[in-house]
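Student: Can we go through this one together? I'd like to start with charged pairs and then look at pockets.
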Amino acid sequence: GNSTAPATLTLFEDFHCSACAYFNREMIHQVEERYVSTGELKIIFRHFVHYGDDSLVAAEAAECVHEQDVEYRNDNFRPFHNLLFENQRQPLEPRLSEFARQVGVQDMAAFENCVASGKYAEKIRESTAWITGQGARGTPAIIVGDRIYTGVPSMEALEQGIAEQLQHLDL
């Protein structure tokens with residue numbers, strides 16, 4: 001969404017979390033259509049590694065895809081993100097390069113070197129530590145305004161949280 005949107009939804013996910021996959025498959029599009037497309041809301045993705053080392057490496061790979069998106073002005077992060085969720089029932093690490101090629105990552109050698117380097121591991125651990133420090137104990141964790149939802153909230157609860165945040169910003 002628009003980086004200057006007045007309201008923010010911050011989504012903390014793990015690529016092995018089935019509830020996260022459900023949220024992305026069934027609900028995120030409704031939020032985007034209703035609030036992001038109107039310029040009222042931006043969605044920020046963060047990592048919440050909850051399911052172990054394979055989740056950490058998958059999160060690092062997603063950061064490496066994002067790095068190339070910035071460098072080459074591509075938009076491969078979201079398709080890569082979606083592929084990880086679609087394939088979460090199996091180990092992701094052995095297929096990360098395959099998924100990167102599938103979404104069109106421009107420089108595969110740089111991608112593979114980035115993942116192997118572990119350069120985003122600390123950033124991901126910090127994101128996980130921050131959200132657990134806020135009281136989240138499960139995934140997804142979603143922050144809207146001053147509310148933290150753990151697990152998949154109802155659309156009504158999300159809409160209420162977004163409306164409260166927008167109303168607060170109008171004051």
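Tutor: First, a term. Partly exposed means a relative accessible area between the buried range, under 20%, and the exposed range, over 50%. Also, this is a predicted model.

Student: OK. Is Glu67 buried, partly exposed or exposed?
Tutor: Glu67 is partly exposed, because its relative accessible area is 24%.

Student: What does Glu67 form a salt bridge with?
Tutor: Its partner is Lys119, with the closest N and O atoms 2.8 Å apart. This pair links distant parts of the chain. Glu67 is in helix α2, and Lys119 is in the loop between α5 and α6. They are 52 residues apart.

Student: Why do side chains pair like that?
Tutor: Opposite charges can pair when the charged atoms come close.

Student: How many salt bridges are there?
Tutor: The count is eight. One of them joins the side chains of Glu63 and Lys123, at 2.9 Å from N to O. Glu63 sits in helix α2 and Lys123 in helix α6, 60 residues apart.

Student: Glu63, buried or exposed?
Tutor: Buried, because its relative accessible area is 8%. Lys123 is partly exposed, at 42%.

Student: And which residue does Arg34 meet in a salt bridge?
Tutor: Glu159, at 2.8 Å from N to O. Glu159 lies in helix α7 and Arg34 in helix α1, so the pair ties together parts 125 residues apart in sequence. Glu159 is partly exposed at 23%. Arg34 is partly exposed too, at 47%.

Student: New topic. How much space lies in the largest pocket?
Tutor: About 600 Å³. It has 23 lining residues. Closest to its centre are Ile43, Ile44, Phe45, His66 and Phe77.

Student: Which element gives the most to that lining?
Tutor: Strand β2, with six residues. Other elements giving two or more include β1, α1 and α6.

Student: What kinds of residues line the largest pocket?
Tutor: Seven are nonpolar, seven polar and nine charged.

Student: What about the second largest pocket, how much space is there?
Tutor: About 200 Å³. Its lining includes Ser18, His29, Phe85 and Arg89.

Student: Which elements give it two or more residues?
Tutor: Those are α1 and α3. The largest share, five residues, comes from α1.

Student: And how does that lining divide by class?
Tutor: Two residues are nonpolar, five are polar and four are charged.

Terms used: Residues numbered from 1 in each chain as written. Predicted model: local features only at pLDDT ≥ 70, side-chain atom pairs only at ≥ 80, totals over all residues. Heavy atoms only, no water. Salt bridge = Lys/Arg side-chain N within 4 Å of Asp/Glu carboxyl O. Helix = DSSP H or I, 4+ residues; strand = E, 2+ residues; numbered from the N terminus. Buried < 20%, exposed > 50% of the residue type's maximum accessible area, 1.4 Å probe, protein only. 1 Å grid on protein atoms, 1.4 Å probe; cavity = no way out; pocket = protein on both sides within 12 Å on 5 of 7 lines; lining within 4 Å. Points joined across faces, edges and corners; volume = space filled by probe spheres on them. Nonpolar A, V, L, I, M, F, W, Y, C, P; charged D, E, K, R; others polar.
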